[in-house]
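I opened my notebook to look up a few places in this protein. I went one spot at a time and wrote down what I found.

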Amino acid sequence: MSEEKKIHENVIIGSGPAGYTAAIYAARAGMNPILFTGSEPGGQLMITTDVENYPGYPDGIMGPQMMEEFRKQAERFGTEVRYEMITDVDFNDEVKKIRTEAGEEIHAHTVVIATGASAKWLGLPSEEKLMNKGVSACAVCDGFFFKGQDVIVVGGGDTAAEEATYLAKLCTKVHLLVRRDEMRASKIMQERVIKQDNIIVHWNTSTEEILGEDSVIGAKVVNNKTGETSTIDATGFFVAIGHKPNTSIFKGILHMDDLGYLITKPDSTKTNIEGVFASGDAQDRIYRQAVTAAGTGCMAALEAERLLAEKGII
């Protein structure tokens, strides 16, 4: 490595609530962070309309506006925000190497990963057309808007069971569409679904089309065994077939679970490599909320600051 190559105190990969919160704390601690936004600046909240469950916004706020405010706050304290993707990393040495899509190699003492996770979708044109117009991938985020209404949940795993039971407390009727004749969900989650009188399970059922022009009014479904089609009336359509963490560039470098979520040490954001910290939905397979992501972003920045202080770098 050239001695002239600048080594940055801190680099943040990702720009959702976790990344921007890490940047705010890192910048205020004098770590001069560089934040790389990735291909989706702002993360999943950029496709979220009304955010009503984040503290400090009594009247709610639009997801993109909220992320814009996060970015401005990070920049106010000196964060350098770069609208680029990171394509490759080398964490073998004490100085971490990060390569941008333009081919530039960035050197850093500490790295905070906040690359998030992406919801898996069915891939229907009607799904894309009605996104945020009744189509959602988060019952905890959006379920309140469908209070007293009929909704549809798609999926057969724990995520779908959790979403359905959560919505059952708010909605009049929850139609759970399961592709096979059994659920993949754990036994205890299946029991919770069956105990709910207002959850109607449709076995061997797939979605052909989500119905509606400006908002969801229902779905056209097909029975996978008989080929029979039918229509279910509903104002909300929740896709609960899982999330995929955006961690592929760290495969074989950082420890991750079978789904690709980064594994951190207990009560910490530390990964298996010193100086590399994981935050937000890239390491959280349980909560996946903006507020919890922001909390782990704060933790990652604080832990990075402590490490740099111990080494006498700041």
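Entry 1. Which side chain does the side chain of S268 join in a polar contact of 2.8 Å? I looked it up in the model, which is a predicted one. The partner is the side chain of E303. I then checked the backbone. The side chain of S268 also reaches the backbone nitrogen of K270, at 2.8 Å.

Next I asked where S268 sits. I found S268 in the loop between strand 18 (243-245) and strand 19 (276-278). Is S268 buried or exposed? Its relative accessibility is 11%. Buried means under 20%, so S268 counts as buried. I also listed its contacts, leaving aside neighbours within four places in sequence. S268 touches M299 and E303.

Entry 2. I looked for another serine and picked S126. I found S126 in helix 3, which covers residues 125-129. Its relative accessibility is 8%, so S126 counts as buried. I set aside its neighbours within four places in sequence again. S126 is then in contact with E209 and I210.

Entry 3. I turned to a pair of helices. Helix 5 covers residues 158-168 and helix 6 covers residues 187-195. How do their axes cross? I noted that the axes come within 9 Å and cross at roughly 30 degrees. Angles under 35 degrees count as roughly parallel, so helix 5 and helix 6 are roughly parallel to each other. Helix 5 passes helix 6 in a left-handed crossing.

I then wrote down which residues meet. From helix 5 they are D158, A161, E162 and T165. From helix 6 they are M189, R192 and V193. I sorted the residues of this contact by type: three are nonpolar, one is polar and three are charged.

Entry 4. I checked backbone angles next. N32 has a phi near 45 degrees, a positive value in a residue other than glycine. I placed N32 in the loop between helix 1 (17-28) and strand 2 (34-36). At 48% relative accessibility, N32 counts as partly exposed.

Entry 5. I finished with N132. N132 lies in the loop between helix 3 and strand 10 (135-136). Its relative accessible area is 30%, so I wrote N132 down as partly exposed.

Definitions and conventions:
Residues are numbered from 1 along each chain as its sequence is written. This is a predicted model: local features need pLDDT of at least 70, side-chain atom pairs count only at pLDDT 80 or more; totals for chains, interfaces and linings use all residues. Side-chain values use heavy atoms; hydrogens and water are left out. Helices (H or I, at least four residues) and strands (E, at least two) are DSSP runs, numbered from the N terminus. Buried means under 20% relative accessible area, exposed over 50%, partly exposed in between (1.4 Å probe, protein chains only). A polar contact is a pair of N or O atoms within 3.5 Å; within protein, one must be able to donate a hydrogen and the other to accept it, and residues adjacent in sequence count only if both atoms are side-chain atoms. Contact means heavy atoms within 4.5 Å. Axes are lines fitted to C-alpha atoms, for helices over the stretch in contact, and angles run from 0 to 180 degrees between N-to-C directions. Angles under 35 degrees count as roughly parallel, over 145 as roughly antiparallel, 65 to 115 as roughly perpendicular and the rest as oblique. A crossing is left-handed if the near helix is turned anticlockwise from the far one by less than a right angle, and right-handed if clockwise. Ala, Val, Leu, Ile, Met, Phe, Trp, Tyr, Cys and Pro count as nonpolar, Asp, Glu, Lys and Arg as charged, and the others, Gly among them, as polar.
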